[in-house]
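Good morning, colleagues, and thank you for joining. Please bring the structure up on your screens; I shall go from the overall chain to individual residues.

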Amino acid sequence: MAKIKTHYEECDILVVGGGMAGTGATFESRYWGRDMKIICAEKANIDRSGAVAQGLYAINCYMGMQWDENQPEDFVRYARNDLMGMVREDLAYDAARHVDSAVHMFEEWGLPLMRNEETGRYQREGKWQIMIHGESYKPIVAEAAKKSADKIYNRVMITHLLMDEAHENRIGGAVGFNMRTGDYHVFRAKAVICCAGGASHLFKPRSVGEGMGRTWYAPWSNGSAYALPIAVGAKMTQMENRIVLTRFKDGYGPVGAYFLHLKTYTQNANGENYEEKWYDNTKAIVGEYIDHVPRPTCLRNHAFIQETAAGGGPIHMVTMEAFQDPHLEVIGWENFLGMTVGQAVVWASQDIDPKYQNPELTTSEPYVMGSHATCSGAWVSGPEDLSPPEYFWGYNRMMTVEGLFGAGDAAGGTPHIFSSGSFTEGRICAKSAVQYINDGKAQGIKVTEEQIDNFKTEVFKPLENYQIGRNEITAGTVSPSYILPIQALQRLQKIMDDYVGGIGTNYMTNGNTLKKALKDLGILQEDLEHIGAEDYHQLMRAWEVKHRALVSQCVTEHTLFREETRWPGYYYRGDFLKLDDDNWHCLTVSRRDPKTGKFTLEKAPLYHLIDDDKDETEAS
Ligand SMILES: Cc1cc2nc3c(=O)[nH]c(=O)nc-3n(C[C@H](O)[C@H](O)[C@H](O)COP(=O)(O)OP(=O)(O)OC[C@H]3O[C@@H](n4cnc5c(N)ncnc54)[C@H](O)[C@@H]3O)c2cc1C
């Protein structure tokens, strides 16, 4: 341990993760905190990190208030409807009222936004989406962050948050390591904005073996946005609300532009509109929610899953009609080239030309990410002017740990904010964090060398486990003394897939299997103390799986707590196979006691702050 170099950094604001939310937080911290020291620590390199690394073809959250296209109230109604009634309406409204200004800045910074030639407005893909030439989206927002920060630490993975030892439940910074040099990094900070992204690879993916990295959600998104706050006792919400995506098979290429802009549609192998076949079946589970317009995404998934289970697959996207139009054909391909090149490559390798053959669709394994189309994340305070008392405790987007803020995937209850909304939420956090510091709330923070040294031992233990344990190996990779990160990951994925509603059980779970999962996850946690890492890259893999395991425990606890099937198509509680508004029209909130590792769960009221007198008319 003595030979590992330690770097110390003292700052006002530490932004953990420089993805969409993190770049927004870094940029805005400088705006409000002119004289403050602002640091961003990023696991990869912020020029190409996070879910937007490869680029995007559409900004999925833009109101268009300047042209009265949508108002924040419309957005809340839309998100609430898609999530079967459940969003934090204060947070959703707050993100919506600020999001347009963030998009206007993107354009100012050089992001090419497509324009409708007739109206001069941004080219709409759907009611909420605008189309962009977005291959360089991430480098553009990264540049704004780089110009704003005192320093960006690339290749530093944050493993733990530091807690103030002078004042209970207050943040004191974070620690991590540089995965290229192996150095230990200590960041003492007055406020921490957690923007470390959601979680892929909790559940066994459809692509296994050599194709394992080919998932819909970025394989490098390991749920640190949740694991870091869970570990220090921050409350979490709606962690059961995982997302399953209907996407093009094998490449997971996006379908949004296809449905909305190309007006393609789905059918079963016999050329039938299968969705309507499952109307009565769905109504028996969710009642009148099936009649909502647009139909909630999970219910469309449900029809897909049922039809496939009943032998009606494969399900196809009907592209052959739209692709006869050369303009639409170009858009169909460009859509992938700007953000999911892999799908074009998969089609080429499988000899699929969507002009002459309707490509197959599939449903993905579940992911947990609170900025896309589901609600999972930290239980954060809302804005003062909107939030009822149960949703407000001082600073907008502050978690239940003082001085710890969350944006993007990290913040719970705000679905459908996507890239632009995550950047916006980062900005909102930054403004609050600066205020928190200026109000004198971060004075007298004490973080002792003992706390820092203890974490140092813990962070690098996998290297030591490996060095000592490898002497016992006579052949192969199986050691009696340690497990490797890939072995731990596959064990985690099997537990989640078998028991918590993965693809292997067609998304089915129940109280008994969830309890078994918790038992197995507990044993896995014990074994993770003996994880072995042969180099710094594997050390990162070790910490990724440790974070994933903690997130998985939280997801499982939440899924067990909510005794209903609220989102058929995302998962099913076989023992409570109906939506139950009488008992479960509420949010779920958990807290893990950092000392004992035990979770406690409670219901929180679900307030509808926006009336629902206006119907949505267009699908997204
Ligand atoms: C496949 C896919 C397609 C999408 N398509 C669209 C679209 O078309 N339009 C749209 O508007 N939105 C889209 N989104 C949504 C958008 O990408 C997300 O909403 C947004 O990126 C979330 O921002 P974030 O900052 O929370 O997470 P991210 O942008 O993923 O950033 C998280 C950052 O944290 C870093 N990090 C992780 N762990 C650590 C750690 N321990 N220490 C330090 N750093 C860490 C990561 O490297 C990353 O840079 C899509 C998302 C996905 C997954």
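For the charge count, Lys and Arg are taken as positive and Asp and Glu as negative, while His and the chain ends are not counted. The place of a charge is NZ of Lys, CZ of Arg, CG of Asp or CD of Glu. On that basis, the chain carries 63 positive and 83 negative side chains, and the centres of the two sets are 5 Å apart.

A word on the source. This is a predicted model, in which local features need pLDDT of at least 70 and side-chain atom pairs count only at pLDDT 80 or more, whereas totals for chains, interfaces and linings use all residues. Residues are numbered from 1 along each chain as its sequence is written, and side-chain values use heavy atoms, with hydrogens and water left out.

Let me begin with the overall fold. The chain contains 16 helices and 19 strands; helices (H or I, at least four residues) and strands (E, at least two) are DSSP runs, numbered from the N terminus. With 620 residues, the chain has a radius of gyration of 23 Å, close to the 25 Å of the globule rule, so it is as compact as a globular protein of that length. That radius is taken over C-alpha atoms, and the rule is 2.2 Å times the number of residues to the power 0.38. Along the principal axes, the C-alpha atoms fill a box of roughly 65 × 60 × 50 Å.

How much of the chain is buried? Of the 620 residues, 61% are buried, where buried means under 20% relative accessible area, exposed means over 50%, and partly exposed lies in between (1.4 Å probe, protein chains only). The accessible surface comes to about 23000 Å², and carbon and sulfur atoms account for 49% of it. These areas come from the Shrake-Rupley method with a 1.4 Å probe; for residues, only the protein chains shown count as cover. As for contacts (heavy atoms within 4.5 Å), 76% of those between residues at least 6 apart in sequence join residues at least 24 apart.

I turn now to the strands. Two strands are called paired if DSSP finds at least two bridges between them. Strand 2, residues 38–41, is covered on both faces: Ile38 and Cys40 on one side, and Ile39 and Ala41 on the other, are all buried. Strand 1, residues 6–16, pairs with strand 2 in the parallel sense over 4 bridges, and Leu14 stands opposite Ile39. Strand 2 also pairs with strand 5, residues 151–153, in the parallel sense over 3 bridges; there, Cys40 stands opposite Ile152.

Strand 6, residues 156–163, has 8 of its 8 residues buried, so it is largely enclosed by the rest of the structure. Its antiparallel pairing with strand 7, residues 171–178, runs over 7 bridges, and Met157 has Phe177 as its bridge partner.

Next, the backbone geometry. The peptide bond from Val293 to Pro294 is cis, with omega near -5°; Pro294 sits in the loop between helix 7 (279–286) and helix 8 (297–309). Another cis peptide bond joins Gly313 and Pro314, with omega about -5°, and Pro314 is in the loop between helix 8 and strand 12 (316–318).

Positive phi also deserves a remark. Met84, a residue other than glycine, has phi near 55°. Met84 lies in the loop between helix 2 (72–82) and helix 3 (89–108) and counts as buried, at 0% relative accessibility. Asp351, likewise not a glycine, has a positive phi of about 60°. Asp351 is in the loop between helix 10 (341–349) and strand 13 (361–363), and is exposed, with a relative accessible area of 67%.

Finally, consider Glu118, in the loop between helix 3 and strand 4 (130–134). Is Glu118 buried or exposed? Glu118 is exposed, its relative accessible area being 78%. From C-alpha to C-alpha, Glu118 and Gly18 are 37 Å apart in space and 100 residues apart in sequence.
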